[in-house]
Amino acid sequence: MSYATFDYSELPILKIEFTGENATDENFDEYLKESAVISSKTERYISILDTTKAKYLSAKYRILQGKYLEKNKERIEKQAIAIIFIAPSFLQRTVLKGIFLVKPYPSPVFIVSNKEEGMKKVNQLLDKENTIT
């Protein structure tokens, strides 16, 4: 089973939803490979990551994620308008904020409680992006 699903149907909005499956070597590798493909699908994008079903990610996979981000930092800075995390629980939001205080993400990060807040932020960011370009 996949670790996350990627929905490109509304580009430049990219929706990524964690499935609730535990990370394995195979499904996490597929997740990172799909993350690398994003740049070939659109020039600029906003990622919405729905962590509602996400489970604890072991250190092994957090390290792999960190290496992926470091390797792709310049591309993400250039192409990603922002990343929006949908994190319904206070604990999830607090943990995410802590992570990004310690290790900043290559593009702006917004952490919201639900999909409605996430889409509101997306629309604000796209309006700003369209004004700039």
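How many aromatic pairs does a search of the whole structure find? The search finds 10, counting rings of Phe, Tyr and Trp (its six-membered ring) whose centres lie within 6.5 Å. Please keep in mind that this is a predicted model, where local features need pLDDT of at least 70, side-chain atom pairs count only at pLDDT 80 or more, and totals for chains, interfaces and linings use all residues. Residues are numbered from 1 along each chain as its sequence is written, and side-chain values use heavy atoms, with hydrogens and water left out.

**Overall build**

- The protein has 5 helices and 5 strands, taken as DSSP runs (H or I of at least four residues for helices, E of at least two for strands) numbered from the N terminus.
- Starting at the N terminus, the elements follow the order β-β-α-β-α-α-β-α-β-α.
- The radius of gyration is 14 Å, which agrees with the value near 14 Å for a compact globule of 133 residues; the radius is taken over C-alpha atoms, and the globule rule is 2.2 Å times the number of residues to the power 0.38.
- Along the principal axes, the C-alpha atoms fill a box of roughly 40 × 30 × 30 Å.
- Of the 133 residues, 41% are buried (under 20% relative accessible area; exposed is over 50%, and partly exposed lies in between, with a 1.4 Å probe and protein chains only).

**Aromatic rings**

- Phe6 and Tyr8 are stacked because their ring centres are 6.4 Å apart and their planes meet at 20°; planes under 30 degrees apart count as stacked, over 60 as edge-to-face and the rest as tilted.
- Phe6 counts as buried at 18% relative accessibility, and Tyr8 is buried with a relative accessible area of 18%.
- Phe85 and Phe100 make a tilted pair, 5.4 Å centre to centre with 40° between the planes.
- That pair links distant parts of the chain, 15 residues apart: Phe85 is in strand β4 (residues 80-86) and Phe100 in helix α4.
- Phe85 is buried at 7% relative accessible area, and Phe100 is buried at 18%.
- A cluster linked by ring pairs takes in Tyr3, Phe6, Tyr8, Phe18, Phe28, Tyr31 and Tyr61.
- Tyr8 also has the charged end of Lys41 over its ring, 4.7 Å from the centre (NZ of Lys or CZ of Arg within 6 Å of the ring centre and within 35 degrees of the ring normal).

- Val95 belongs to helix α4 (residues 90-102) and is partly exposed, with a relative accessible area of 44%.
- Leu91, Val95 and Ile99 make a nonpolar surface patch of about 280 Å².

Conventions
Patches are made of residues with over 30% relative accessible area and no salt bridge: like charges are joined within 9 Å, nonpolar side chains (Val, Leu, Ile, Met, Phe, Trp, Tyr) within 5 Å. Accessible areas come from the Shrake-Rupley method with a 1.4 Å probe; for residues, only the protein chains shown count as cover. A salt bridge is a side-chain nitrogen of Lys or Arg within 4 Å of a carboxyl oxygen of Asp or Glu.
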